[in-house]
Amino acid sequence: MNNYKNNINAVYERIHKALERAGREPDDITLIAVTKNIDIDVIKEAVSYGIADLGENRVQELLSKYNKVQDVRWHMIGRLQSNKVKHIVDKVALIHSLDRLSLAREINKRAERIQRVVPVLVQVNPAGEKTKAGLPYEEVIPFIETIFNLKYIKIMGLMFIAPLTDNPEAVRPYFAMMKHLFDVLKDYNYPHVDMKYLSMGMTNDFEIAIEEGSNMVRIGTALFGSREKEEK
Ligand SMILES: *Cc1c(COP(=O)(O)O)cnc(C)c1O
């Protein structure tokens, strides 16, 4: 049996300790509960304990849950096909997975139609993992310079999925690289860009991500237990 309330409290405690180690304010972070493959009743229970941000990595699943939970912000954290943008453009608080020009154009187009400026994060792949989405590290600045004039997209930060490893210390340098890039972009003060969120850190590595400057963590397993029916 899972005790979700205890899990949530334990995660918050670990987050706060990591913030403390980094000398940061206790509320300088957003916890996104990743609810892929999690039943709606469990999600509602978590929301009743104060969870306010939910992350899904598939459009269909997000849509199937969207009307069943009130007063939460939905985050699209998974690979996003251009032809599915229209289904979520009015629903998501933040798209974390912008990784190509064609997708930026499609989000901008659909957002213009409903006259909504859609907040997005640029997904980065500093480890150069072939199996992962995200722009190569050195392409991020040119990419942002290409898209910041799209008026219906607001670039609000960067997102990173660290390589899976038994030793999370091994990925610390990538988190540090992400923080560096985030700070550089912040200093550039581009139009339509408001570098506010650095989305990195999952169950296996969120404490290290926070120590290195993450202010948005996406956590599933530590809150809900392992996802039995997960597909690859
Ligand atoms: C599944 C997922 C997570 C959460 O992973 P856990 O290891 O269960 O915490 C975070 N981010 C993305 C993009 C995911 O797909």
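Trainee: Which residue in S5 does Ile95 stand opposite?

Mentor: Ile95 faces Val120 in S5. Strands are DSSP runs of E with at least two residues, helices are runs of H or I with at least four, and both are numbered from the N terminus. Two strands pair if DSSP finds at least two bridges between them. Here two bridges join S4 (residues 94–98) to S5 (residues 118–124), and the two run parallel. From S4 the chain crosses through helix H5 (residues 101–113) to S5 in a right-handed β-α-β crossover; right-handed means that, with the strands pointing away from the viewer, the path from the first strand over the helix to the second runs clockwise. This is a predicted model, where local features need pLDDT of at least 70 and side-chain atom pairs pLDDT 80 or more, while totals for chains, interfaces and linings use all residues. Residues are numbered from 1 along each chain as its sequence is written, and side-chain values use heavy atoms, without hydrogens and water.

Trainee: What joins S4 to strand S3?

Mentor: Two bridges join S4 to S3 (residues 73–76), again in parallel. His75 stands opposite Leu94 in S4.

Trainee: How many of the residues of S4 are buried?

Mentor: Five of its five. Buried means under 20% relative accessible area, exposed over 50%, and partly exposed in between, using a 1.4 Å probe and protein chains only.

Trainee: How many salt bridges does the rule count?

Mentor: The count is 16, each a side-chain nitrogen of Lys or Arg within 4 Å of a carboxyl oxygen of Asp or Glu. One of them links Lys65 and Glu56, with the closest N and O atoms 2.7 Å apart. Lys65 is buried because its relative accessibility is 6%; Glu56, at 0%, is buried as well.
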